[in-house]
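Please keep both at hand while going through the points.

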Amino acid sequence: MKNLEDYTDGDTISTEEFLRLSGEEPPPAMPTRPRKHEEADFQRQVQDIARIHGWVDYHVLKAKGMRAGFPDLVLLRKPELIWVELKSAKGKVTPAQAEMHEMLRGCGQEVYIWYPDDWNEIEEVLKKREK
């Protein structure tokens, strides 16, 4: 087993090996925090794949003046229009969202609620009837 003195300039040594040989304590691990923008990242991914398959997307940037529960995305591809609610892995549909979804379905509209684990369904829906 090498000692610290056995290494010379230009030798490569891992951080773990250096700390072991020098007797220093490793720095404390950074605490892990949930990502603040998980749903926003997911939305960008859905928008990207929708655009690849010819959809035009609409998203309200500021909800000021919007009725509570309005879906996150409206996707259009002639002759189709779908409404999409996006949720983080642990996200829940609010009562206002559920009410809006039922109103839209009552008007004959397709409404989807997608979570990050729903990629197979997302791709299937966005590819269907692709022209």
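**Helix α4 and its two sides**

On one side of α4, Asn120 and Glu124 are exposed, and this description, like everything that follows, refers to a predicted model. On the other side from these exposed residues, helix α4, which runs over residues 119-127, has Ile122, Val125 and Leu126 buried.

**Packing of α4**
- The partners against which the buried residues of α4 pack are α2 (38-52), β2 (73-77), β3 (80-86) and β4 (110-114).

**Helix α2**
- The 15 residues of α2, at 1.5 Å a residue, should span 21 Å, and the distance of 22 Å between its end C-alpha atoms agrees with this.
- Buried in α2 are Phe42, Gln43, Val46, Gln47, Ile49 and Ala50; because they cover an arc of only 170° around the axis, they are on the same side of α2.
- These buried residues of α2 pack against β1, β2, β3 and β4, and also against α4.
- After α2 comes Gly54, which has a positive phi, near 85°.

**Asp57 in strand β1**
- Asp57 is placed in strand β1, residues 56-58, and counts as buried because its relative accessibility is 18%, under the 20% cut-off.
- The side chain of Asp57 makes polar contacts with the side chain of Gln47 at 2.8 Å and with the side chain of Arg51 at 2.6 Å.
- When neighbours within four places in sequence are left aside, Asp57 is in contact with Val74 and Leu75 as well as with Gln47 and Arg51.

Note on methods:
Residues numbered from 1 in each chain as written. Predicted model: local features only at pLDDT ≥ 70, side-chain atom pairs only at ≥ 80, totals over all residues. Heavy atoms only, no water. Helix = DSSP H or I, 4+ residues; strand = E, 2+ residues; numbered from the N terminus. Buried < 20%, exposed > 50% of the residue type's maximum accessible area, 1.4 Å probe, protein only. Polar contact = N/O pair within 3.5 Å; in protein donor to acceptor, adjacent residues only side chain to side chain. Contact = heavy atoms within 4.5 Å. Expected span 1.5 Å × (residues − 1). Arc of directions from axis to C-beta.
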